[in-house]
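Work through the exercises below with the sequence and the model in view. Each task is followed by a solution in steps.

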Amino acid sequence: MLNGVHFLLTYQCNFGCDHCFLYCGPGTEGVFTFDRLEEIMMDAKAMRSVDNIYFEGGEPFLYYPLLKAGLEAAQDFGFETGVVTNSYWATSVKDAKLWLEPLKKAGLSYIGLSDDPFHYGDQTDTPPKNAHRACQELGINCDYFCIDKPKVESATDRYGEKGEPIVGGSTVFKGRAVEKLVQGLPMKDWQGLTSCTREILDDPNRVHIDPFGNVHVCQGLVIGNVFEQPLSKLMKSFNPEAHPIIGPLMKGGPAQLAREYSIPHQERYVDECHFCYTLRKSLLDEFPQFLSPRQVYGLPN
Ligand code: SF4
């Protein structure tokens with residue numbers, strides 16, 4: 001049952017990190033309008049099951065007035081709210097409070113602060129640390145979001161026997177991470193990649209909605225468009241088995257998707273997402289309404 005609507009307020013970002021699964025960056029297209037946000041929230045409220053609204057990106061603070069107005073509207077509708085940010089704006093604790101205080105008044109319940117080597121390299125005194133201190137002083141719930149770089153770890157079984165090396169760290173291999181980070185990593189046989197290990201594809205409890213109206217159950221995997229059909233209707237009529245990509249993924253993961261469409265592919269992949277994302281990219285022209293926008297696959301729209 002759907003509880004959360006996460007708006008990708010914009011695909012633009014002041015960074016262009018190697019691990020970004022949405023391929024965001026300074027030149028990326030797409031920004032929400034306030035009217036669209038309000039319209040979708042009104043419909044989400046009528047669904048009754050939705051209780052939280054998040055504003056993400058890209059970097060949502062790049063459109064600060066829109067973010068603030070969106071939070072106010074979400075508060076008026078009675079939603080819990082969250083924001084995810086790289087905190088570039090938190091140049092000091094005092095300045096961070098200037099940005100955060102109005103958002104607290106606008107109803108911000110929680111903020112996730114991306115603080116990791118992808119965003120800030122070896123820097124120890126990072127903007128997210130300023131933002132964290134400011135949140136504590138203002139009484140805003142917050143957490144750090146930290147994605148580790150992929151590293152090769154040796155696996156041992158319960159008898160202490162060494163197995164095949166595995167990939168550690170918390171990088172997700174979709175989007176730009178596939179282009180930038182998979183080289184040199186240990187890979188697995190494609191035939192063993194038989195399930196989706198990260199998302200509840202048949203009954204998502206949260207969806208991401210982008211500025212083009214796409215409703216994503218995984219980055220770039222779309223179940224409909226809210227500019228064509230309200231979210232409430234779309235969720236009601238969603239038939240996962242009949243979805244041309246989700247159907248095969250539910251039956252047997254990326255391996256089944258490859259078989260079903262006879263997609264030429266490598267023998268080995270880092271994990272399920274690496275294989276799935278690569279297969280989806282080769283199906284873009286066949287299923288443009290379900291695999292969108294193209295920029296999430298590193299291609300021009
Ligand atoms: S990339 Fe594919 S396997 Fe990975 S979470 Fe998304 S749908 Fe599931």
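**Exercise 1: Ser262**

Ser262 counts as exposed, since 7 C-beta neighbours fall inside 10 Å. For reference, a residue is buried if 20 or more other C-beta atoms lie within 10 Å of its own, exposed if 12 or fewer, and partly exposed in between, with C-beta atoms placed from the backbone. The model is predicted: local features need pLDDT of at least 70, side-chain atom pairs count only at pLDDT 80 or more, and totals for chains, interfaces and linings use all residues. Residues are numbered from 1 along each chain as its sequence is written.

Solution. Helices (H or I, at least four residues) and strands (E, at least two) are DSSP runs, numbered from the N terminus. Step 3: for comparison, most residues other than glycine have a negative phi, and most peptide bonds are trans.

**Exercise 2: Tyr23**

Task: decide whether Tyr23 is buried or exposed.

Solution. Step 1: find Tyr23 in the loop between strand 1 (4-8) and helix 1 (34-47). Step 2: count 25 other C-beta atoms within 10 Å, so Tyr23 is buried. Step 3: note that Tyr23 has a positive phi of about 60° although it is not a glycine.

**Exercise 3: Helix 8**

Task: compare the span of helix 8 (residues 246-260) with that of a straight helix of 15 residues.

Solution. Step 1: at 1.5 Å a residue, a straight helix of 15 residues would span 21 Å; the expected span is 1.5 Å times one less than the number of residues. Step 2: helix 8 spans only 12 Å between its end C-alpha atoms. Step 3: look for a bend, which is the angle between axes fitted to the seven residues ending at a residue and the seven starting there. Helix 8 bends by about 125° at Gly252, with Pro254 following within four residues. Step 4: among the buried residues of helix 8 are Gly253, Pro254 and Leu257. Helix 9 (272-282) is included in what covers the buried residues, where contact means C-beta atoms, placed from the backbone, within 7 Å.

**Exercise 4: Helix 5**

Task: find the span of helix 5 (residues 127-138) and its packing partners.

Solution. Step 1: the 12 residues of helix 5 reach 16 Å from first C-alpha to last, close to the expected 16 Å. Step 2: its buried residues include Asn130, His132 and Cys135. Step 3: the buried residues of helix 5 pack against helix 3 (93-105), strand 4 (110-114) and strand 5 (141-145). Step 4: just after helix 5, Gly139 takes a positive phi of about 75°.

**Exercise 5: Domains**

Task: how many residues of domain 1 are in contact with domain 2?

Solution. Step 1: domain 1 covers 1-147, and domain 2 covers 148-199 + 239-301; the bounds come from an automatic or database domain assignment. Step 2: 13 residues of domain 1 are in contact with 15 residues of domain 2.

Methods:
Contact = placed C-beta atoms within 7 Å.
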